[in-house]
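Welcome, and thanks for taking a look at this one with us. Below is a short briefing to read alongside the structure, grouped by topic.

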Amino acid sequence: MKSQKPITRIGELFLFSIAIGAANCFFRDNPGFFRGSFNPYLLLALVVAAYYGKYYGILSLLISSLIIALPLPLALEQLKPGTWGPSYWNRLLSAAPVPLAATLVSAYILGLIRDAREGALAGAKERVRLFSRQKGELLKQKRVLQTINRELEQRVSRQQDSITALHSEIQELYSVNLDKALETILGTVQRFSGAETVSIWEAHPQSKDLHVAASRGWEEGGSRPGVVSIDGSIEGWVLRNNTIFSLKMLGQYENLRQMDRGVNIMTFPVSAGRKIWGVLNIADMPFEKYNLYTEKLITMILALAAPALERAVEYEAVVTQAEVHPVTGLPAFSQFFSLLNDNLQRARRNRETLSVVILELTNIPVLSETYGRDNALQLISQLAGQMVILSRNKANIFHYKDESQIVLLFPNLDYDGASLFSLEALNGINQREWTVNEHAVNLEVTVGYASLSEEQMEAEGLLQIAENILEMQKV
């Protein structure tokens, strides 16, 4: 009712006044209802003033006065001839002024009271609205502060554990399996950054594009492309410039806005050693994790992963050039020798250490005769797996010159370290239970090792030393 337009209210006042005037026709002896104690014309003005305000109350009184002064005497003249005349006006002049004046003053006072009440109510509503909005803003700030506080508490609470956890994750990176290394990087980034959608892209300079090498959080059969151009994408921009991209940079650089596909929140260059191998892209992550702390943490993870990724990339390149052994799954001696020469050149250039360890299963002829050649060779595969665990994924493992021999290429391991590892390997082999077709067997293993030194810098000489030690144990 109070939300009605003024024209609607004025129309209602006319209708009510006309209705009262029509009722007044049945009381021909009391025109205007000024005789007696009840006057609906005046009561209507007071009610209107109390509900609509002083101006509408005064307007109602004026409309009623017009009805009484003009249409009412005409109607009464039609109903009772002789009513229209000076006597009608004389009766009104004698009876109407005082009630009308009193009603006018009363309507004005009631209107003032109503307007004051409405003003106070409107002010209270405005205060409630402001309080409600302020409360909403405070609740938002509270939620944001709670989220930030929770994130800070998590940082503080896991600082000690995170160093250990990060060390364990980095150790997992030292795998000759490139796919496993990339999955480990993605898992580590997700764990420490909270990223929900993250991917690693490998650069293909010949075709000038980037291919998805590993991803997490992508929907199966989604519309996201698996190949993007180096020249026309944010991933390519990061690769070309060897710099980090952050979403806030879109507001600063027009060229980045033109390349933006809406899937880059943070993008980092990924190095394999000293070479920029590809990029890591985060497409979705919690808002509270989008900060400089997370950016530095991911940068540190990728820097720690660079040497391990370089080994995995090199090993992958060597292995894919030739077939692996059909039973053991290990690459052949020729791949080992090629990788050994590459590592020797790097070690000499950077003045690093390097060792090789050869293990031979000397009783494999007996095992092959008893359980079959393939079953005996499966023991070689199990032995290689045991060496992966003992070396903590730091060694690349190949077949040596014979099927019964495996060789470990150990970067950054000197002679003392190779000797200690050989003892640990023999101890681990002797303590483990080995089985073939659920039959317990004993492994007779001999070990030979050699390390890069100033006297011995070539691959052939290094391997000759390891073979000599190996043969000495058979005597």
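Let's begin inside the protein: Phe 336 and Phe 398 are both buried. Please keep in mind that this is a predicted model. The two residues belong to a cluster in which ring pairs link Phe 333, Phe 336, Phe 337, Phe 398 and Tyr 400.

**The aromatic cluster**

- How many aromatic pairs does a search of the whole structure find? The search finds eight.
- One of them joins Phe 333 and Phe 336 in a tilted arrangement, with 5.8 Å from centre to centre and 45° between the planes.
- Both Phe 333 and Phe 336 sit in helix H12, which spans residues 333-350, and they are three residues apart, about one turn of the helix.
- Phe 336 counts as buried because its relative accessibility is 0%.
- Phe 336 also pairs with Phe 398, again in a tilted arrangement, with 5.6 Å from centre to centre and 55° between the planes.

**The chain as a whole**

- The protein chain contains 16 helices and 12 strands.
- Of its 475 residues, 43% are buried.
- Taking the contacts between residues at least 6 apart in sequence, 65% join residues at least 24 apart.
- The chain exposes about 26100 Å², and carbon and sulfur atoms supply 57% of that area.

**A nonpolar patch on the surface**

- Which residues form a nonpolar patch on the surface? They are Val 105, Tyr 108, Ile 109, Leu 110, Leu 112 and Ile 113, and together they have about 510 Å² of accessible area.
- Ile 113, one of the patch residues, lies in helix H6, which covers residues 97-157.
- Ile 113 counts as exposed because its relative accessible area is 53%, and the cut-off for exposed is over 50%.

**Charges over rings**

- Arg 9 places its charged end over the ring of Tyr 52, 4.5 Å from the ring centre.
- Arg 432 does likewise with Trp 434: the charged end sits over the ring, 4.1 Å from its centre.

**Ser 422 in helix H15**

- Ser 422 is found in helix H15, which runs over residues 415-431.
- Ser 422 is buried, because its relative accessible area is 5%.
- Which residues is Ser 422 in contact with, leaving aside its neighbours within four places in sequence? The contacts are Val 357, Val 447 and Tyr 449.

**Asn 468 in helix H16**

- Asn 468 has its place in helix H16, made up of residues 459-474.
- With a relative accessible area of 38%, Asn 468 is partly exposed.
- Asn 468 and Ala 450 are 18 residues apart in sequence, and their C-alpha atoms are 9.7 Å apart in space.

Technical notes:
Residues are numbered from 1 along each chain as its sequence is written. This is a predicted model: local features need pLDDT of at least 70, side-chain atom pairs count only at pLDDT 80 or more; totals for chains, interfaces and linings use all residues. Side-chain values use heavy atoms; hydrogens and water are left out. Helices (H or I, at least four residues) and strands (E, at least two) are DSSP runs, numbered from the N terminus. Buried means under 20% relative accessible area, exposed over 50%, partly exposed in between (1.4 Å probe, protein chains only). Contact means heavy atoms within 4.5 Å. Accessible areas come from the Shrake-Rupley method with a 1.4 Å probe; for residues, only the protein chains shown count as cover. Patches are made of residues with over 30% relative accessible area and no salt bridge: like charges are joined within 9 Å, nonpolar side chains (Val, Leu, Ile, Met, Phe, Trp, Tyr) within 5 Å. A salt bridge is a side-chain nitrogen of Lys or Arg within 4 Å of a carboxyl oxygen of Asp or Glu. Rings of Phe, Tyr and Trp (its six-membered ring) pair if their centres lie within 6.5 Å; planes under 30 degrees apart count as stacked, over 60 as edge-to-face and the rest as tilted. A charge sits over a ring if NZ of Lys or CZ of Arg is within 6 Å of the ring centre and within 35 degrees of the ring normal.
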